[in-house]
Amino acid sequence: MDSIAVVGMQWGDEGKGKVIDLLSKMAKHIVRAQGGNNAGHTIMDGSREFKFHLVPSGILYPNTKCYIGGGVVVNPPSLLQEMEGLRKEQIHFDHRLFLSQYAHVIFPYHQRLDLLSEQKKGKGAIGTTGKGIGPCYVDKVRRTGIRVADLVDPTLLRARLEEILPARNEELEKIYGSEGFDLEKLFSEYVEYGQALKKFVGPVEEMLFVASQKREKILFEGAQGALLDVTFGTYPYVTSSCTLAGGTSAGVGFGPSKIDHVIGVAKAYTTRVGHGPFPTELNAEELAFFPEHTASREIGTTTGRKRRMGWLDAQILKNTLCWNGVDSLAVMKLDILDGLDEIQICTGYKLHGKVIDSFPASLEDLKNVKPLYITLPGWKSSTRDVRTYNDLPSHAKAYLRKIEELLKLPISIVSVGPERDRTIWMDRIFE
């Protein structure tokens, strides 16, 4: 296979970063297509831990070239800070990191609008990260955004700010009673960011097309998860971009027929951060049987918030594999279930007393569904040192087989810890 897309099957935080890291060793090009610095991937490189937000995590491998596509919204100080952190760790990326001129730029007014909008919603707040992602995408869609092509050209940047800033300041002042931004201060700050990033700006779309023509291995790095997709997710508790495999194509101008394989990444259970319905969420009594949040690595890379936890929801996965055209699964964090006596899987829902066979689009319906569970025996032994499927405890193998049976998809990767070597390869798909 020449190109693989890695997508999240739940509400994000599934462990895509590790899957991408594992596959990056065999890839030449790694691409981020959507979202912004509201995403986070944690990678263990030996004893070093890296937290990525905008830079593709494949940058850790010197054989790779990494790209930030036009569908991404970029916060320049955040990107530059991330790059500086990599430099301090002796990760070199000149002529290896490329930024699309089509990507839109997040400004401080986007961040302030994000926070004030959330505050104004009160109980209806959706739990945004407050990083300005949504307001930046709003400006993109209403054609009042500023792109990287403008950022790196001082004349264009000033002209765009002169055109756009008065309206954003009026919005801040009249709707939210907040002070606006000074054009000169904003321009002088962002023109420096533009000049610092200018040498990394390149024809990303053409470069990837040429790589595809040469049959070089390309890896597309998804951010967030399918249930946070702005169209098909648990709206309005979603992000502001297309998080599906199709969003990969749109976000980097890469033809969908050129993507050979889609890996859907799911935890061996379910989590979500922020507000919104969560049918299989564990109650306090059930949660007590799981490792606490730090031990289970369930604190958000970007938000620092404890994630809500629940049983694996196969009904969700049946829908998200459909939306993404998933070819195989990566099941992550199997080790977190090691100590449980019993493990439940949701196989469907009841709504108003009737069994339904699809994931409800209506938020009200989703709040009212009752999960239908099957119960499997736990394996009550550590899987962290297991490296082959045959060496897994019999009940762990039965759990994985049940997932494959319910979803009618093969599992290609099983993760039993955050480190690279704590991985069971069922199918080395990129070799």
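Which residues have the most contacts inside the largest nonpolar core? To find out, select Leu208, Phe220, Phe290, Leu329, Leu334, Leu337 and Tyr399, which hold that place in a core of 63 residues. Keep in mind as you go that this is a predicted model.

Next, colour helix α13, residues 394-407. This helix gives the core its largest share, six residues. As a general rule, nonpolar side chains in soluble globular proteins tend to be buried together.

Now centre on Phe220 and show its surroundings. Leaving aside residues up to four places away in sequence, Phe220 touches Ser3, Ile4, Ala5, Val6, Val31, Thr248, Val252, Phe254 and Ile259. Another core, of 56 residues, lies apart from the one you began with; to see part of it, pick Ile4, Val105, Phe107 and Leu161, which are among its members.

Switch to a cartoon view for the sheet. Here 10 strands form an open sheet with mixed pairing, and you can follow them in the order β9-β7-β5-β2-β10-β1-β11-β15-β19-β20. The edges are β9 (201-202) and β20 (423-425); each has a single partner strand, so one side of each is left without a neighbour in the sheet. Then select β1 (residues 3-8) and β11 (residues 261-267), which pair in the parallel sense over five bridges. Zoom in on Gly8 to find its bridge partner in β11, Val265.

Last stop: the second largest pocket, with a volume of about 190 Å³. Select its lining: Glu286, Phe289, Phe290, Trp311, Leu340, Asp341, Glu342 and Gln344. By class, this lining has four nonpolar, one polar and three charged residues.

How values were computed
Residues are numbered from 1 along each chain as its sequence is written. This is a predicted model: local features need pLDDT of at least 70, side-chain atom pairs count only at pLDDT 80 or more; totals for chains, interfaces and linings use all residues. Side-chain values use heavy atoms; hydrogens and water are left out. On a 1 Å grid over the protein atoms alone, a cavity is a set of points where a 1.4 Å probe fits but cannot get out, and a pocket is an open set with protein on both sides within 12 Å along at least five of seven lines; lining residues have an atom within 4 Å of a point. Grid points are joined across faces, edges and corners, and a volume is the space filled by probe spheres set on the points. Ala, Val, Leu, Ile, Met, Phe, Trp, Tyr, Cys and Pro count as nonpolar, Asp, Glu, Lys and Arg as charged, and the others, Gly among them, as polar. A nonpolar core is a set of buried Ala, Val, Leu, Ile, Met, Phe, Trp, Tyr and Cys residues joined through side-chain atoms within 4.5 Å. Buried means under 20% relative accessible area, exposed over 50%, partly exposed in between (1.4 Å probe, protein chains only). Helices (H or I, at least four residues) and strands (E, at least two) are DSSP runs, numbered from the N terminus. Contact means heavy atoms within 4.5 Å. Two strands pair if DSSP finds at least two bridges between them.
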